[in-house]
Amino acid sequence: MTTLHARTRGPVHVVGTGLLGTSAALALRARGVETTLADPSPTAAALARDLGAGRLRQPGDTPPALVVVAAPPDVTASVVAEQLARWPDAVVTDVASVKLTVLHELRRLVRDPGALARYVGSHPLAGRERSGAVAARGTLFAGRPWVLCPTPASAPAAVAAVRDLADDLGGVPVAMEAGAHDEAVALVSHVPQVAASLVAARLREAPEPAVELAGQGLRDVTRIAESDPALWVQILGANAGPVAAVLRDLRADLDAVLAALEQLDRVEDAHDAAAKSPGALAAVAQLIADGGAGRARVPGKHGAPPTSYAVVTVLVPDAPGELARLLHDVGAAGVNLEDLRIEHSPGQPVGLAEVSVLPAARTVLEAALRDLGWALLD
């Protein structure tokens, strides 16, 4: 097994062996970095150890050069303060998804400027619907933004150490001020969680025939609705202000669309809707158009917008090995797969595979797949 070169200087001590902490430890171990583990739950720490994420610290071990705190947001500041005091020569970072609340609390707990010079808050924007060490992956952070939130007190060497950590774990380091970070994640992460949960909650008492009609659109919208409620109570509580601000804007947009739909609903003859409901259709159309414009800004692979790719839609039989055969045939055609999206309704004999490729490769791929007997949708 080849060990990848790492710039991170060990030992690294990971405090908190849930999804993020264990994933970080697994990635560090794969790069040959000495890694030790700790968790308030001895069982959780032992599980991460057994999964190959490192070893439990022992008396007499070399003090860590870097400490990674992967604790719940409501205790992150106190754990960081404890680690700064315990290891006076170590750089300490945390991976909590909220930064400003942690920083304010940390400044209250730690009055020593020298200690705060060794702290750099960070946040890898990576995760899964599942939690805990068993869901951890050493590749979890690959290609994902990793936000660094240094303060004016952060020493350059501490910032460099956390940047090296993000690089070694495959993340893409991005520097942001803590408040700007919290406003950004409110928009791109926290409000989507609320929206997914609200939509999914409508399904609880829906008639079974209605739920059976669910397609890929509903699955996409509600994918993250299975997230851990206890964790999200902490995240939303710690970032309440920025999240509330986005939700107020969302409520205003929703009210405008609702007013338009109610106006249209009062028109008995659909043919008279445009004449008797001036502006209503335009309001609905504008919502859809604005949504498309916003979606186009979401970066895809390598940061490119999704609209920069061509999509080849292939009918894939619901049979063992068929998807693998399709991926093999795409590679055999000499075409690089930029993205893949699968749509398959239960009980259907075929699914749809949306293969995203560079526009110049579309014609080549379509011809190659048709020659191999694949059915394509125009």
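In this predicted model, the mean positions of the 33 positive and 42 negative charges of the protein chain lie 7 Å apart, where Lys and Arg count as positive, Asp and Glu count as negative, and His and the chain ends are not counted. Each charge is placed at NZ of Lys, CZ of Arg, CG of Asp or CD of Glu. As the model is predicted, local features need pLDDT of at least 70 and side-chain atom pairs count only at pLDDT 80 or more, whereas totals for chains, interfaces and linings use all residues. Residues are numbered from 1 along each chain as its sequence is written, and side-chain values use heavy atoms, with hydrogens and water left out.

**Overall architecture**

- Taken along the principal axes, the box filled by the C-alpha atoms of the protein chain is roughly 80 × 50 × 40 Å.
- Of the 378 residues of the protein chain, 37% count as buried, a class that means under 20% relative accessible area, with exposed meaning over 50% and partly exposed in between (1.4 Å probe, protein chains only).
- Among contacts in the protein chain with a separation of 6 or more, 68% come from residues 24 or more positions apart, a contact being heavy atoms within 4.5 Å.
- The protein chain exposes about 20400 Å², of which carbon and sulfur atoms supply 59%; accessible areas come from the Shrake-Rupley method with a 1.4 Å probe, and for residues only the protein chains shown count as cover.

**Salt bridges**

- Side chains of opposite charge can pair when their charged atoms come close.
- The structure holds 12 salt bridges, each being a side-chain nitrogen of Lys or Arg within 4 Å of a carboxyl oxygen of Asp or Glu.
- One of them joins the side chains of glutamate 34 and arginine 55, at 2.8 Å from N to O; this pair links distant parts of the chain, 21 residues apart, with glutamate 34 in the loop between α1 (19-30) and β2 (35-38) and arginine 55 in strand β3 (residues 55-56).
- Both partners are partly exposed, glutamate 34 with a relative accessible area of 36% and arginine 55 with a relative accessible area of 31%.
- The side chain of arginine 55 also meets that of aspartate 61 in a salt bridge, again with 2.8 Å from N to O.
- Arginine 325 forms a salt bridge with aspartate 329, with the closest N and O atoms 4.0 Å apart; the two residues are separated by about one helical turn because they lie 4 residues apart in helix α14 (residues 322-332).
- Within this pair, arginine 325 is partly exposed at a relative accessible area of 34%, whereas aspartate 329 is buried at 9%.

**Surface patches**

- Patches are made of residues with over 30% relative accessible area and no salt bridge, like charges being joined within 9 Å and nonpolar side chains (Val, Leu, Ile, Met, Phe, Trp, Tyr) within 5 Å.
- Asp249, Asp253, Asp255 and Asp290 form a negative surface patch, and its largest share, 3 residues, comes from helix α11 (residues 240-265).
- Aspartate 255 has its place in helix α11 and is partly exposed, with a relative accessible area of 42%.
- Leu47, Leu51 and Val134 make a nonpolar surface patch of about 230 Å²; valine 134 sits in the loop between β6 (119-124) and β7 (145-149) and counts as partly exposed at 48% relative accessibility.

**Individual residues**

- Glycine 21 lies in helix α1 and counts as buried at 2% relative accessibility; leaving aside neighbours within four places in sequence, glycine 21 is in contact with Val14, Gly16 and Ala70.
- The C-alpha atoms of glycine 21 and valine 185, which are 164 residues apart along the chain, are separated by 20 Å.
- Alanine 230, found in helix α10 (residues 229-238), is partly exposed with a relative accessible area of 48%, and its C-alpha atom is separated by 9.7 Å from that of proline 72, 158 residues apart along the chain.
- Most peptide bonds are trans.
- The peptide bond from glycine 10 to proline 11 is cis, with omega near -5°, and proline 11 belongs to the segment before β1 (12-15).
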